[in-house]
Amino acid sequence: MDPRTEIIKERLKEVDKLIPVASGKGGVGKSLIASTTALLISEKEYDVGLFDLDLHGPSAHVILGAQDYSFPEEKKGIIPPEVGNIKFMSTVYYSRDKPSPLRGDDISNALRELLAVTRWGDLDYLIVDMPPGIGNETLDTIQLMKKAKFLVATTPSKVALSTVKKLVQMLKELEVPIAGIIENMKTENSPDIKREIENLGVTYLGEIRFDRNLEKAIGKPRKILETSFAEDLKKALSSEF
């Protein structure tokens, strides 16, 4: 048995609520939802962590404006640096924002190592920006984060929704709790997918309107919180947080 499994359990024991944000595919705004969720919760004076576990395309550091890639402090593990009021950890501190050509067992080992060495301490919430899709990274995270409750992101796109259906089916088969599904990038011409989501047996948390001004706020956490994107996300999460 991998000894890191027990170490990970020890690292996460003081985390009250563990929320991985997942999607069936990339390009649906998952990282923005994860990062903004952490920002919104931190506004309520909770102790919050954000863990960007996307080994191939980490982006939460760009969203939060955390451009210092200096390796974090080490003291019996890695201590996540604080970005505003959020404890933040990302694969970018290891890759220095360069490509990470990992595959197969290397991916699983990297995830286990990241989870095992990171010291979160006492947190009310740990938001995890998951790698997109339903590959080994998602399965490993489910195995290693026993008390996780998934938040799923989609867009009204048929392609995005079809992959989300597979993700939800997998989570249900593994008996993993699902907080609900958020519909991102909603426009006036978008199809109505609320019923399709509810037919999956999960909660439709709400919709986030397509926000043309959001791009200008990237890298500026205070500006992000002033967007209609953040406003809609706050409404969608009101029943959970």
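Reply: Let's go from the overall chain to its sheet and then to one helix. Keep in mind that this is a predicted model.

Me: What does the secondary structure of the chain come to?

Reply: Start with an inventory of the elements. Here there are 11 helices and eight strands. The radius of gyration is 17 Å, close to the 18 Å that the globule rule gives for 241 residues, so the chain is as compact as a globular protein of that length. Taken along the principal axes, its C-alpha atoms fill a box of roughly 50 × 40 × 35 Å.

Me: How many of the 241 residues count as buried?

Reply: The share is 53%, where buried means under 20% relative accessible area.

Me: Which strands does strand 1 pair with?

Reply: Strand 1 runs parallel to strand 5 (residues 123–129), and six bridges join them. To see one of the pairs, find Ile-19, whose bridge partner in strand 5 is Ile-127. Strand 1 also pairs with strand 6 in the parallel sense, over two bridges; there, look for Ala-22 opposite Val-152.

Me: Why is strand 1 described as largely enclosed by the rest of the structure?

Reply: Count its buried residues. Strand 1 covers residues 15–22, and six of the eight are buried, so it is largely enclosed.

Me: How many bridges join strand 2 to strand 4?

Reply: Five bridges join strand 2 (residues 48–52) to strand 4 (residues 86–90), and the two run parallel. Phe-51 makes a handy landmark, standing opposite Met-89 in strand 4.

Me: Now the helix. Which residues of helix 6 are buried, and what do they pack against?

Reply: First, the general idea: an α-helix has 3.6 residues a turn, so residues three or four places apart point the same way. In helix 6 (residues 136–144), the buried residues are Glu-137, Thr-138, Asp-140, Thr-141, Ile-142 and Leu-144. They pack against helix 1 (4–12), helix 5 (105–117), strand 6 (150–154) and helix 7 (158–173).

Note on methods: Residues are numbered from 1 along each chain as its sequence is written. This is a predicted model: local features need pLDDT of at least 70, side-chain atom pairs count only at pLDDT 80 or more; totals for chains, interfaces and linings use all residues. Side-chain values use heavy atoms; hydrogens and water are left out. Helices (H or I, at least four residues) and strands (E, at least two) are DSSP runs, numbered from the N terminus. The radius of gyration is taken over C-alpha atoms; the globule rule is 2.2 Å times the number of residues to the power 0.38. Buried means under 20% relative accessible area, exposed over 50%, partly exposed in between (1.4 Å probe, protein chains only). Contact means heavy atoms within 4.5 Å. Two strands pair if DSSP finds at least two bridges between them.
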